[in-house]
Amino acid sequence: MKNDGSAVAWGHKDQADASGVDLSSGVVAAMCGRACVAVKNAGSAVAWGEALVGGDTSGVDLASGVATAMCGDHACVAVKDDGSAVAWGHPQAGGDTSGVDLSSGVVSAQCGRGACVVVKR
């Protein structure tokens with residue numbers, strides 16, 4: 001991240017190609033695993049990288065309310081202002097949240113190599 005709120009990404013062509021996302025302004029935080037996610041100052045987030053492991057966000061809403069986000073090796077998770085969280089990525093490594101309740105009380109999250117965890121209050 002740069003002082004002007006922009007960010008640049010580089011690295012492996014499948015994981016670091018950020019040409020499809022806007023990193024030109026408003027970036028306040030960024031995290032990479034095999035995909036990357038950037039939180040913007042308006043409460044939105046953008047992700048890029050390998051689609052199966054977090055680069056494809058078509059199944060989650062990152063347009064508003066994102067407080068923090070991070071990616072591990074196979075999935076990403078975003079904690080929202082309202083205490084909910086959303087995850088995406090490989091369904092067998094943290095991207096499938098159908099068996100967990102992330103609708104409220106989430107205060108932090110972390111993803112590793114093959115799983116994600118949230119801390120709830």
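Visitor: How much space lies in the largest pocket?
Guide: About 160 Å³. Keep in mind that this is a predicted model.

Visitor: Which strand gives the largest share of the lining?
Guide: Strand β8, residues 116-120, with 3 residues. The lining also includes Val77, Ala87, Asp96 and Leu102.

Visitor: How does the lining divide into nonpolar, polar and charged?
Guide: It has 7 nonpolar residues, 4 polar and 1 charged.

Visitor: Cys116 is in that lining. What does Cys116 form with Cys111?
Guide: A disulfide, with the sulfur atoms 2.1 Å apart. The link is right-handed, at 100° about the S-S bond.

Visitor: Is Cys111 buried or exposed?
Guide: Buried, because its relative accessibility is 5% and the cut-off is under 20%. Cys116 is partly exposed at 28%.

Visitor: How many disulfides does the count come to?
Guide: The count is 3. Cys32 joins Cys36, and Cys71 joins Cys76. Along the chain, the pattern is 1-2, 3-4, 5-6.

Visitor: What about burial in the Cys71 and Cys76 pair?
Guide: Both Cys71 and Cys76 are buried. In the other pair, Cys36 is buried at 5%, while Cys32 is partly exposed at 45%.

Visitor: New topic. Which residues touch the most other members of the largest nonpolar core?
Guide: Val37, Leu62, Val66, Ala69, Ala78, Val86 and Trp88, out of 14 residues in that core. Strands β2, β3, β4, β5 and β6 each give two or more residues to it.

Visitor: What does Val37 touch?
Guide: Among its contacts beyond four places in sequence are Met31, Trp48, Ala69, Cys71 and Trp88.

Methods. Residues are numbered from 1 along each chain as its sequence is written. This is a predicted model: local features need pLDDT of at least 70, side-chain atom pairs count only at pLDDT 80 or more; totals for chains, interfaces and linings use all residues. Side-chain values use heavy atoms; hydrogens and water are left out. A nonpolar core is a set of buried Ala, Val, Leu, Ile, Met, Phe, Trp, Tyr and Cys residues joined through side-chain atoms within 4.5 Å. Buried means under 20% relative accessible area, exposed over 50%, partly exposed in between (1.4 Å probe, protein chains only). Helices (H or I, at least four residues) and strands (E, at least two) are DSSP runs, numbered from the N terminus. Contact means heavy atoms within 4.5 Å. On a 1 Å grid over the protein atoms alone, a cavity is a set of points where a 1.4 Å probe fits but cannot get out, and a pocket is an open set with protein on both sides within 12 Å along at least five of seven lines; lining residues have an atom within 4 Å of a point. Grid points are joined across faces, edges and corners, and a volume is the space filled by probe spheres set on the points. Ala, Val, Leu, Ile, Met, Phe, Trp, Tyr, Cys and Pro count as nonpolar, Asp, Glu, Lys and Arg as charged, and the others, Gly among them, as polar. A disulfide is a pair of cysteine sulfur atoms within 2.5 Å.
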